[in-house]
Amino acid sequence: KSINYFPVPIITYNQDELMNYYSNNKLKKLMTEVFVNNKYLYDNISEIVIGENNITLITDRHTKIIIDDLRIADKLNVLYSFQKAISHIKTINDYLYIDLSVNNKVIVKEKAHG
């Protein structure tokens, strides 16, 4: 019953060992980091996809945020800076994806409008 009132993200993964690796460490750190520093993003995560080398956050409006799992906190700080830089004209939901898996780069693709 409570899932109807408190939306929680779905966690998707391909192999049990991946989930065991993430369950107690990186996933908790990731969600705590997002909760503390970006309530807007935290409230809009609908799915977390765990891959071998990255984590993908999918928002309620289907924006994929791809994060390299080796430097989660650093990559999230880049995302927060990107959000701040675009805040006067766009939101993260205006993008199809935001790829933070490449060092020193933010790769984005805008959603088609119209």
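Two strands pair if DSSP finds at least two bridges between them. Strands are DSSP runs of E with at least two residues, helices are runs of H or I with at least four, and both are numbered from the N terminus. The model is predicted: local features need pLDDT of at least 70, side-chain atom pairs count only at pLDDT 80 or more, and totals for chains, interfaces and linings use all residues. Residues are numbered from 1 along each chain as its sequence is written, and side-chain values use heavy atoms, with hydrogens and water left out.

Start with the sheet. Its six strands form an open sheet in the order S1-S2-S3-S4-S5-S6, with mixed pairing. Strands S1 (10-13) and S6 (107-110) are the edges, as each pairs on one side only. From one strand to the next, the twist averages 15°. S5 (residues 95-99) and S6 are joined by four bridges in the antiparallel sense. Tyr95 has Glu110 in S6 as its bridge partner.

Next come the helices. Helix H4 (residues 72-86) packs on the sheet and touches S3, S4, S5 and S6, where contact means heavy atoms within 4.5 Å. The direction of H4 makes about 140° with that of S4. Such angles run from 0 to 180 degrees between N-to-C directions, and the axes are lines fitted to C-alpha atoms, for helices over the stretch in contact. Helix H2 (residues 26-37) lies across S1, S2 (45-50), S3 and S4 (64-68), and runs at about 150° to S2.

Finally, find Thr59, which sits in strand S3 (residues 54-59). Is Thr59 buried or exposed? Thr59 counts as buried because its relative accessibility is 1%; buried means under 20% relative accessible area, exposed over 50%, and partly exposed in between, with a 1.4 Å probe and protein chains only. Leaving out residues up to four places away in sequence, Thr59 touches Leu41, Asn44, Ile45, Ser46, Ile65, Ile92 and Asn93.
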